[in-house]
Amino acid sequence: MMGLERIDTPAVLIDLDRVEGNLKRAQDYADAHNLPLRPHIKTHKLPRFAKRQIELGAIGITCQKLGEAEVMADAGIDDIFLPYNIIGDDKLARLKALHERITISVTADSSFVVAGLARTFTDPNHKLRVLVECDTGMGRCGVQTPWAAVELAQQIAAAPGLHFTGLMTYPAAGKVAENEDFLEKTKAALEAQGLTPEVISNGGTPDIWHAHDVTVATEHRPGTYIYLDRFQVAKGVGKLEDCALTVLTTVVSRPTEARAIIDAGSKALTSDTLGMDGFGFIVDYPDARIVGLSEEHGTIDLSGSAKKPEIGERLRIIPNHACVVSNLFDTVTLISGDEVVETVPVAARGRVG
């Protein structure tokens, strides 16, 4: 194996030992609480890791876009949840093609979406599994009340080619009790109408260690847990030394004593701050701050750092948000310690539709 000094920058490094530790820690937790995992692959976008998650005990995977699901199905994964409103004839045709070859479930949060699904899927002997998405506090997609969920479930159940399967939510971080309350009330309202949900799918990494507190959930969909990142560390999910994804970058300029410029800008490091100071954590310079990103350059403020990097020095950065970084690179380099194992294509990168 070659060493990291042979890797050109900027590059994404994935520590396989940390990946394995993160996966096993989450699966052990899920097993201890009898809570099946259905991991979200948008963080890594790699079939090899999706398969490893299933090997360790996951019941299937979650994809956010049709393109991601197609890549994973082509790789041999046959149980995929796609929690997204599928709209438009072209996308519905692609969904139908996936439905013909794997087990796939989707979500809907409006009559408009259900109507499109009902027009496309008409075979009562091979129904599409559809869950109602609920907004339990995130403020994104989802029905707003339990009764709205009941009404939509009734529409799904009335369509010959659709099967009402249950409920799905992506909750706001830290709102575990509110999430449980909404789902409990919605489940009760559905049961009162003879529509018992088979699946209640909860999600998110920030509250993964409290997933068992949402007792009504039948599965959990964590994503970022495989790599972790600076934001997840801030949320207490893991430690900096658990973070498996780092961006390797080179100092290309030292214009002043207090400023360094690296070759990782917004094309390599996410501009997401997620409420944190700066654009990542520099592993060997914890007191330095990444204060700005242009497309090709990152600006580091060294005024608070006693030690300072030199031109040509290579730095490793833990990004604020690992999922975005995975989608910025065509390839990632898998490492063990400081040795390169393999460089692989990010198979589901750029699958925006």
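Q: Hi! Which residues of α1 and α2 meet each other?
A: Hello! In this predicted model, Leu16, Val19, Glu20, Leu23, Lys24 and Gln27 of α1 meet Phe49, Arg52 and Gln53 of α2.

Q: Nice. What classes of residue make up that contact of α1 with α2?
A: It has four nonpolar, two polar and three charged residues.

Q: And at what angle do the two helices pack?
A: Helix α1 covers residues 16-32 and helix α2 covers residues 47-55; they pack at about 35°, and their axes are 10 Å apart. The crossing of α1 and α2 is right-handed.

Q: Let's move on to α6 and α7. How far apart are their axes?
A: The axes of α6 (residues 146-158) and α7 (residues 176-192) are 9 Å apart, and the angle is about 45°. The two helices are therefore oblique to each other.

Q: Which residues make the contact there?
A: On α6 they are Pro146, Ala149, Val150 and Ala153, and on α7 they are Phe182, Lys185, Thr186, Ala189 and Leu190. By class, that contact of α6 with α7 has seven nonpolar residues, one polar and one charged.

Q: Changing topic: how much space lies in the largest pocket?
A: About 1000 Å³.

Q: And which residues lie nearest its centre?
A: Those are His40, Lys42, Arg140, Tyr170 and His321, out of 49 residues that line the largest pocket.

Q: Which elements give two or more residues to the lining?
A: They are α7, β7 (199-203), β8 (219-221), α8 (230-234) and α9 (322-326).

Q: Last one: how does that lining divide by class?
A: The lining of the largest pocket has 21 nonpolar, 17 polar and eleven charged residues.

Terms used
Residues numbered from 1 in each chain as written. Predicted model: local features only at pLDDT ≥ 70, side-chain atom pairs only at ≥ 80, totals over all residues. Heavy atoms only, no water. Axes fitted to C-alpha atoms, helices over the stretch in contact; angles between N-to-C directions. Helix = DSSP H or I, 4+ residues; strand = E, 2+ residues; numbered from the N terminus. Parallel < 35°, antiparallel > 145°, perpendicular 65-115°, else oblique. Contact = heavy atoms within 4.5 Å. Nonpolar A, V, L, I, M, F, W, Y, C, P; charged D, E, K, R; others polar. 1 Å grid on protein atoms, 1.4 Å probe; cavity = no way out; pocket = protein on both sides within 12 Å on 5 of 7 lines; lining within 4 Å. Points joined across faces, edges and corners; volume = space filled by probe spheres on them. Left-handed = near helix turned anticlockwise from the far one by under 90°.
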